[in-house]
Every structure is written in structure tokens, then in C-alpha cells.
Amino acid sequence: LRLGSSYLSHDIQGRVLRLDSFSKLLAPGFRLGWITASPHFIARYRQHAYAASQWGSSLSMKMLAAILASWGPSGFERAVLQLQGAYKMRRDTALAAAQEHLADVASWESPQWLVLCSGAGCAGIVPVEPLSEEPRVGGA
């Protein structure tokens with residue numbers, strides 16, 4: 001997979017956690033996901049989840065395992081790239097509609113920079129890669 005950067009890749013103090021879900025990749029309501037974070041945070045999260053979580057649905061877990069096994073890594077990448085293409089088309093349609101119907105009452109820009117915070121101790125701004133014509137699979 002060609003992986004893009006995420007906030008997690010900028011974390012040097014172990015304070016960033018990333019939550020992902022298969023509900024955006026497979027189907028709405030498919031409530032299985034994963035967390036990526038520092039080992040210390042994962043250990044603490046596991047302790048909390050053991051006491052506070054009812055874990056995931058066994059049926060959903062078996063379905064996910066079967067889907068991923070049948071697709072394999074290249075099939076999973078194809079599915080993600082296809083989904084990214086669909087989301088890009090939705091984005092482009094929404095931007096075109098906004099331009100057509102809202103241009104006289106609102107303005108907007110596609111961001112090139114993202115402000116993470118403001119004030120003392122702020123990390124400042126982080127460059128954000130412009131969306132390319134070819135979708136990429138995001139990663140840590």
C-alpha cells in the first residue's frame with residue numbers, strides 16, 4: 001500500500017492516537033476498528049477496554065476475517081482506492097454545487113496548510129499535501 005502521512009507521523013511525544021473503523025471502508029454500522037498509538041497508551045487503553053467494553057460482535061469479526069481473507073492485501077487496496085475515488089467524486093460534486101449556488105454569499109478555499117492550535121506552545125502550522133487526482137491509501 002502507498003501510505004500517506006497522518007497526524008500520528010508527526011507525534012514525537014506519544015500523545016497522538018489514531019482511531020480507524022471498517023464502517024467507512026466496508027459498510028455503515030460495521031462497528032469494528034482499531035487504534036494506533038504509543039505502546040504505553042495502548043497498554044492503558046487495553047486495561048480500560050477490558051473493564052468497560054463489551055468488545056465487538058463475533059459475527060462481525062468472522063465476516064471481516066472472511067472478507068479480508070478472500071480479498072487479500074491487493075484486493076483490500078483496490079477496494080480502498082475505489083472508495084477513495086467515490087469520496088473524491090462526492091467532494092467534487094459538493095464543491096461544484098457550492099460554487100454554483102453559494103458563490104454570491106460565501107467563499108472558501110481548498111486548504112494547503114492546517115493550523116493545529118493557536119497560542120503559546122502551539123505546534124504551528126503543518127503542510128497538508130493537496131489532494132491529487134489519484135487517490136492514496138492513508139496510513140500512520
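**Figure 1. Contacts and overall layout of the predicted model.** Of the contacts in the protein with a separation of 6 or more, 53% join residues 24 or more positions apart. A contact means heavy atoms within 4.5 Å. This is a predicted model: local features need pLDDT of at least 70, side-chain atom pairs count only at pLDDT 80 or more, and totals for chains, interfaces and linings use all residues. Residues are numbered from 1 along each chain as its sequence is written, and side-chain values use heavy atoms, with hydrogens and water left out. The protein has 2 helices and 6 strands. From the N terminus, the order is β-β-β-α-α-β-β-β. Helices (H or I, at least four residues) and strands (E, at least two) are DSSP runs, numbered from the N terminus.

**Figure 2. The surface of the protein.** Of the 140 residues, 16% are buried. Buried means under 20% relative accessible area, exposed over 50%, and partly exposed in between (1.4 Å probe, protein chains only).

**Figure 3. The second largest pocket.** Its volume is about 440 Å³. The lining has 16 residues, and Gly33, Trp34, Ile35, Tyr45 and Trp55 are the closest to the pocket centre. A pocket is an open set of points on a 1 Å grid over the protein atoms alone, where a 1.4 Å probe fits, with protein on both sides within 12 Å along at least five of seven lines; lining residues have an atom within 4 Å of a point. The volume is the space filled by probe spheres set on the points, which are joined across faces, edges and corners. β2 (18–21), β3 (33–36) and α1 (39–52) each supply at least two lining residues. α1 gives the most, with 4. By class, the lining holds 9 nonpolar, 4 polar and 3 charged residues. Ala, Val, Leu, Ile, Met, Phe, Trp, Tyr, Cys and Pro count as nonpolar, Asp, Glu, Lys and Arg as charged, and the others, Gly among them, as polar.

**Figure 4. Aromatic pairs.** The whole structure holds 2 aromatic pairs. The ring centres of Phe22 and Trp34 are 4.9 Å apart with planes at 55 degrees, so this pair is tilted. Rings of Phe, Tyr and Trp (its six-membered ring) pair if their centres lie within 6.5 Å; planes under 30 degrees apart count as stacked, over 60 as edge-to-face and the rest as tilted. Phe22 sits in the loop between β2 and β3, and Trp34 in strand β3, so the pair ties together parts 12 residues apart in sequence. Phe22 is buried at 10% relative accessibility. Trp34 is partly exposed at 35%. Trp71 and Phe76 form a tilted pair, 6.4 Å centre to centre with 35 degrees between the planes. Trp71 is partly exposed, with a relative accessible area of 32%.
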